[in-house]
Amino acid sequence: MDIKTLKSFISVASHHSFSGAARDLNTVQPAISRHIAMLEEELGVMLFIRNSRQVKITNAGEQLLHDAKQIIALADNAKSQVKRAQQGQIGELNIAHLSSACLTFMADLVRSYSQQYPDVHVTLFEMTATEQIEAFKDNRIDVGFSRPLPSGIIDEFNSSNIYIDKLVAVVGQHHPLAEYSQIELGQLQQQKLIIFNRDEAVGLFDDTIMLCKQAGFSANIISQPKHMQTLLTEVAAGLGVAIAPYCIRKLYSQGCHFLPFTDAHKAIPTQLHVKRANDRATVDAFVALVLYNKAKIAKSMA
């Protein structure tokens, strides 16, 4: 019992005629008769009562007609869904992001994608750089907005710079340095420093320590918070001075001042990461949208 045979059966039942079914399906009557004979032999029942004047469907035929229509509808739907999946119009998309680095643009980006692909289920995950690497390994996410990946795994991914950030000093509003508009990194030599936790962003931490050494001092680290919002809260509370990406000013930062460095010009890229082995159209469509909006994203973070 195949789709072509069932279509012949449905057409005969609809037209009450073998010749009418042949015309409907653009074939010859013997082919239609052969299909019906095959069905009746396979099922062991008579589907039609036919004589020289009419073709009448039997009770068994009525039951098959009901089921055959559903089978054809399911087959047609399956073909349609396969094509839509191939075009990225249905499926799911799991996106991980650094909240501090993506706060200003993520909602608009996902909204724009969902408007174009309303039948794709999108899930957002707030993850640190380290958490994203583990999630990629476990295939829990499809796309990640994060810092540059470690050299040991970078060849497994397609990565694109979305915008370039910079390191700044973050001081409390009552701190003596709050009177400055910019400072040299060396002015933090005697300060208690708050730096984002190394386990959550190895590259960012190591770059910060390297810059301090280049400025002639070893960082006196008194706190390594695992969340950028906690880092800002500690600064506002007067616990120390932070060195962090400028993008965190988009978080709740009341009581904090952000001071550019005159001498520490380390670029801090925010990148889009996708596994090279990806073959899903939903992911490809989202990546294309992100790259198309790169200039707009960069402007939102300026």
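Helices (H or I, at least four residues) and strands (E, at least two) here are DSSP runs, numbered from the N terminus. With that settled, a word on the source. This is a predicted model, in which local features need pLDDT of at least 70 and side-chain atom pairs count only at pLDDT 80 or more, while totals for chains, interfaces and linings use all residues. Residues are numbered from 1 along each chain as its sequence is written, and side-chain values use heavy atoms, with hydrogens and water left out.

Overall layout first. The protein has 11 helices and 11 strands. Its radius of gyration, taken over C-alpha atoms, is 32 Å, well over the 19 Å that the globule rule gives for 302 residues, so the protein is more spread out than a compact globule. That rule is 2.2 Å times the number of residues to the power 0.38. The C-alpha trace spans about 105 × 35 × 30 Å along its principal axes.

Contact means heavy atoms within 4.5 Å. Of the contacts between residues at least 6 apart in sequence, 73% join residues at least 24 apart. Buried means under 20% relative accessible area, exposed over 50%, and partly exposed in between, with a 1.4 Å probe and protein chains only. Buried residues account for 45% of the 302.

Now strand 10, residues 256-260, where L259 sits. L259 is buried, at a relative accessible area of 2%. Leaving aside residues up to four places away in sequence, L259 touches V168, A169, V171, L177, Y180, S181 and I183.

Next, strand 11, residues 267-275, which contains Q271. Which side chain does the side chain of Q271 meet in a polar contact? That of N161, at 2.7 Å. A polar contact is a pair of N or O atoms within 3.5 Å; within protein, one must be able to donate a hydrogen and the other to accept it, and residues adjacent in sequence count only if both atoms are side-chain atoms. Q271 is buried too, with a relative accessible area of 12%. Its contacts beyond four places in sequence include G144, F145, P148 and I162.

Last, the cysteines. A disulfide is a pair of cysteine sulfur atoms within 2.5 Å, and the structure holds 0 of them. For C247, the nearest cysteine sulfur is that of C102, 8.1 Å away. C247 counts as buried because its relative accessibility is 0%. For C256, the nearest cysteine sulfur is that of C247, 14 Å away. C256 counts as buried at 12%.
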